[in-house]
Amino acid sequence: MGNSASLQRVGGGVLVNSMSGLRLGMVREAEGSLSKDEPGSDHFRIYAVSNVALGRDEKIFMSRDAVSSFNPADPYFTRTRDLTALDVFVDALEPPPAAVAKETSPDDPDTLDDILEAALANDTLSLISLPDYIEADKMNPSLISSLLQNIQNMLTDTLPFDSLSPPPPNAPSRAFGDGKHQVRRVQLSAALSTGPGAALPPPPFPPVGRRGSSSSSDEGKFEDDEGSLPWHTVYVGDENCDARLPAAVPREHQIIVLRRGGCSFSQKLANVPAYAPSSTSLKLVIIVSFPEFEDGGGGADSLVQPLLEEEQKLAGGDIPRPHPIPLVMDALTHPTYPAPAMSSFTIPLLINGKDATTSKTFAVHSPAAHKDLWSCSSASSSDVDAALQAAKDAFPAWSKTKPAARRNILLKAADVLEQHGEEFREHMTQETGAVAMFTGLNITLAAELIRDVAGRVGAIMGAIPATQDDETTALVFKEPFGVILGIAPWNSPYILGIRSVLYAIAAGNTTVLKGSELSPRCYHNIGRVFTEAGLPTGVLNVLYTTRDDSPAVTTQLINSPVIKKVNFTGSTAIGSIIAATAGKALKPCLMELGGKASAIVLDDADIEVAATQCALGAFVHSGQVCMSTERILVHKDIIEKFRPALKGFLTHFDAGPAGVVIQGAAIEKNRKLVEDAVGKGAKVVHGDHKSQEKHPVTGEISATRLRPIIVEGVKEDMDMYHQESFGPSVSLIEVESEEEAVRIANDTDYGLTSAVFTKDLARALRVAKQIESGAVHINGMSIHDEPTLPHGGYKKSGWGRFNAHWGVEEFLQTKTVTFKN
């Protein structure tokens with residue numbers, strides 16, 4: 001009954017004594033539900049007051065005190081909309097009792113399953129419309145089949161007919177086969193869209209009509225006495241992100257079903273062509289959510305309310321849509337409703353400002369969902385030549401652009417990146433398995449990199465040095481190289497991919513970007529960002545290849561006389577091959593390679609801070625970061641306190657599903673490293689390298705998931721001491737002194753980054769100066785990168801620097817000009 005002080009059941013309804021905390025539950029009534037003598041035909045009925053249900057004929061009474069305190073202008077007076085604020089209805093045709101009771105015959109459809117199957121086969125039930133004009137490659141047969149099967153299961157197994165909602169008043173019978181079948185409605189919960197672009201859906205009870213004439217022109221149509229049509233034509237598409245639907249789809253289909261993901265909800269609607277409203281045209285877009293890509297595992301509990309952040313516009317422009325389209329999110333994601341095996345979308349190359357889809361493609365696999373996501377174009381030798389020629393042709397004009405023009409394009413690019421942030425983050429999660437924190441960091445940091453460089457373009461300058469001869473003047477110019485090749489990895493695609501071309505473009509160069517075959521859609525998104533920002537055609541070209549074709553394509557790119565400099569981010573093993581190839585061609589290169597970062601925890605460190613930062617440094621993104629902590633060197637006097645603090649933090653950090661690793665081979669590498677160490681005397685003090693983790697949704701054993709592992713007692717004779725794991729395992733090593741910690745930290749071929757933990761800044765600086773790495777972070781984790789700091793390594797971790805003015809200078813040549821006065 002609720003609080004008796006505020007609500008009281010009285011004869012004929014509920015008495016409200018206080019407005020404090022009052023909540024009204026309302027439902028939109030169907031058109032025509034009011035009697036003729038009542039005004040209006042479209043209204044909301046209050047069905048609950050707080051937690052007290054209200055009958056259809058009951059009333060709400062308010063006390064004088066309650067009414068006098070009512071003030072809609074009060075900031076605490078708000079109007080909210082429940083998540084499941086609309087119901088989507090599917091017409092189910094109930095077989096007559098005689099048909100169900102009749103004996104089974106091999107030649108006659110007797111059960112509802114048989115009747116539905118026969119109806120779909122004979123096209124007598126136009127539940128799903130598949131018109132001839134829809135191109136096969138624009139459709140997703142798996143999605144269509146799944147939707148049909150889900151509806152059939154729902155009508156036959158999941159919801160027996162005696163549990164269905166009663167038919168609408170005066171619902172007619174429909175001719176179906178040899179009998180008459182009463183219309184019943186199955187109710188599916190859905191979430192209304194919200195935001196500036198949201199449109200109010202039509203009444204959720206479309207009129208239920210009778211079978212029209214049997215002429216060929218009216219076959220499959222239903223109409224009522226007033227000429228209205230029920231919603232029986234459905235178009236099933238995919239994500240609807242990269243191409244507009246055929247113009248006839250919204251004209252001839254009353255419902256469009258699209259898959260969630262790939263782009264924003266607003267973009268999905270923008271790709272629906274304009275249409276004139278009619279009885280047969282589009283009434284509603286339904287977004288279907290799939291459990292494989294839901295953080296909560298799918299279903300109504302993980303449903304989100306679609307947000308349309310801007311006014312609906314037509315594709316490719318700023319023209320407002322004259323008839324906004326209602327959109328809802330389907331909440332019924334039954335486990336038997338699988339996601340499509342693979343999207344019909346093929347990632348194109350970007351050559352000379354145009355998307356180019358190749359005849360040779362490869363599948364892109366999701367390590368998180370264990371499914372192929374989409375296809376990707378694979379560049380041929382001729383595609384490489386075309387990209388090189390486009391970049392070469394674009395260089396003369398781009399190198400002469402003024403700083404203000406470049407700055408404006410870069411600032412626009414940062415804005416575009418953030419506008420597409422949600423879409424791009426989802427692609428990164430699907431392709432790399434990264435969690436929300438890491439994908440968010442990728443978008444935020446990449447946008448800040450662009451803005452920082454945009455502000456530095458105008459600061460590129462030469463010099464006028466003094467000369468020995470008074471009659472001679474010297475000028476020093478800074479000039480772009482020409483065409484730059486950037487090669488970037490999969491693990492942080494937006495940061496590392498954008499970085500590989502950003503500084504070159506800002507300095508006046510043109511570029512060819514070779515993206516990773518493991519996350520190509522993220523690299524496709526980079527091309528989209530700069531194209532939308534107005535970067536001239538040919539300044540940025542984006543290529544991908546299969547792994548087998550990659551060596552030949554990379555060699556062709558490096559050896560081309562068009563390429564003037566190479567930058568590579570990735571493993572030391574591949575970097576050495578690329579550097580050797582560039583060296584033979586006498587081309588400069590910038591290398592940001594692997595690491596074996598040590599975190600030194602001195603005896604006066606704050607143990608909780610050090611434990612937290614070491615754990616994060618080792619296991620963020622499942623350790624798949626070049627700056628990840630690989631060794632934790634702890635002073636002997638505090639290791640007994642540090643160990644439980646480290647394990648305690650991981651208990652909370654690792655509480656959810658096991659982290660995703662990009663490929664099974666990486667997990668096997670980490671297991672072998674741990675097994676080798678254990679076999680030689682080390683001990684696993686946290687985690688289990690032999691465990692078989694399960695997929696959090698399917699429950700199947702996952703070959704791409706592994707929880708954090710800490711191995712204590714790692715020595716010089718163990719592989720784990722020397723090799724970069726690039727995964728969720730870390731060594732815990734006890735040290736006797738500060739000097740021993742520095743010795744072990746430097747006992748590696750790598751030198752990218754490191755960390756030191758102590759409360760004594762002078763001591764920290766003393767240690768930092770002795771460590772052979774490109775960066776040392778005091779009282780912070782080894783993973784640290786920001787736009788204003790130079791980024792690069794020592795030794796086999798590479799050479800050269802990205803970021804800030806150091807990054808811009810990497811892609812400028814110095815020219816000296818002298819003249820006699």
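Q: Is T194 buried, partly exposed or exposed, and why?
A: The model here is predicted. T194 has a relative accessibility of 35%, so T194 is partly exposed. T194 sits in the loop that runs between strand 9 (179-192) and strand 10 (210-211).

Q: What do contacts show for the protein chain as a whole?
A: Take the contacts between residues at least 6 apart in sequence: 73% of them join residues at least 24 apart. The chain has 821 residues, and 52% of them are buried. It contains 21 helices and 37 strands.

Q: Is M627 buried or exposed, and why?
A: The cut-off for buried is under 20% relative accessible area. M627 has 8%, so M627 is buried. Like T194, M627 is in a loop; the loop of M627 lies between helix 15 (607-619) and strand 28 (629-635).

Q: Which residues are in contact with M627, beyond its neighbours within four places in sequence?
A: They are A597, L752, T753, S782, I783, H784, D785 and H791. For D785, the separation from M627 is 158 residues in sequence and 9.3 Å in space, C-alpha to C-alpha.

Q: How do I tell which way two helices run relative to each other?
A: Look at the angle between their axes. Angles under 35 degrees count as roughly parallel and angles over 145 as roughly antiparallel. The axes of helix 10 (residues 436-454) and helix 11 (residues 493-506) cross at roughly 10° and come within 9 Å. Helix 10 and helix 11 are therefore roughly parallel.

Q: Which residues meet where helix 10 contacts helix 11?
A: Helix 10 contributes L441, N442, I443, L445, A446, L449, I450 and V453, and helix 11 contributes P493, Y494, I495, I498, L502, Y503 and A506. By class, 14 are nonpolar, one is polar and none is charged.

Q: At what angle do the axes of helix 8 and helix 10 cross?
A: They cross at roughly 170° and come within 8 Å, with helix 8 spanning residues 403-419. Helix 8 and helix 10 are therefore roughly antiparallel. The residues of helix 8 that take part include R407, L410 and E418, and those of helix 10 include I443, A446 and R451. This contact has 11 nonpolar, no polar and four charged residues.

Q: Why do residues a few places apart in an α-helix point the same way?
A: There are 3.6 residues a turn, so residues three or four places apart point the same way.

Q: How many cavities of 30 Å³ or more does a search find?
A: The search of the whole structure finds four.

Conventions. Residues are numbered from 1 along each chain as its sequence is written. This is a predicted model: local features need pLDDT of at least 70, side-chain atom pairs count only at pLDDT 80 or more; totals for chains, interfaces and linings use all residues. Side-chain values use heavy atoms; hydrogens and water are left out. Axes are lines fitted to C-alpha atoms, for helices over the stretch in contact, and angles run from 0 to 180 degrees between N-to-C directions. Helices (H or I, at least four residues) and strands (E, at least two) are DSSP runs, numbered from the N terminus. Angles under 35 degrees count as roughly parallel, over 145 as roughly antiparallel, 65 to 115 as roughly perpendicular and the rest as oblique. Contact means heavy atoms within 4.5 Å. Ala, Val, Leu, Ile, Met, Phe, Trp, Tyr, Cys and Pro count as nonpolar, Asp, Glu, Lys and Arg as charged, and the others, Gly among them, as polar. Buried means under 20% relative accessible area, exposed over 50%, partly exposed in between (1.4 Å probe, protein chains only). On a 1 Å grid over the protein atoms alone, a cavity is a set of points where a 1.4 Å probe fits but cannot get out, and a pocket is an open set with protein on both sides within 12 Å along at least five of seven lines; lining residues have an atom within 4 Å of a point. Grid points are joined across faces, edges and corners, and a volume is the space filled by probe spheres set on the points.
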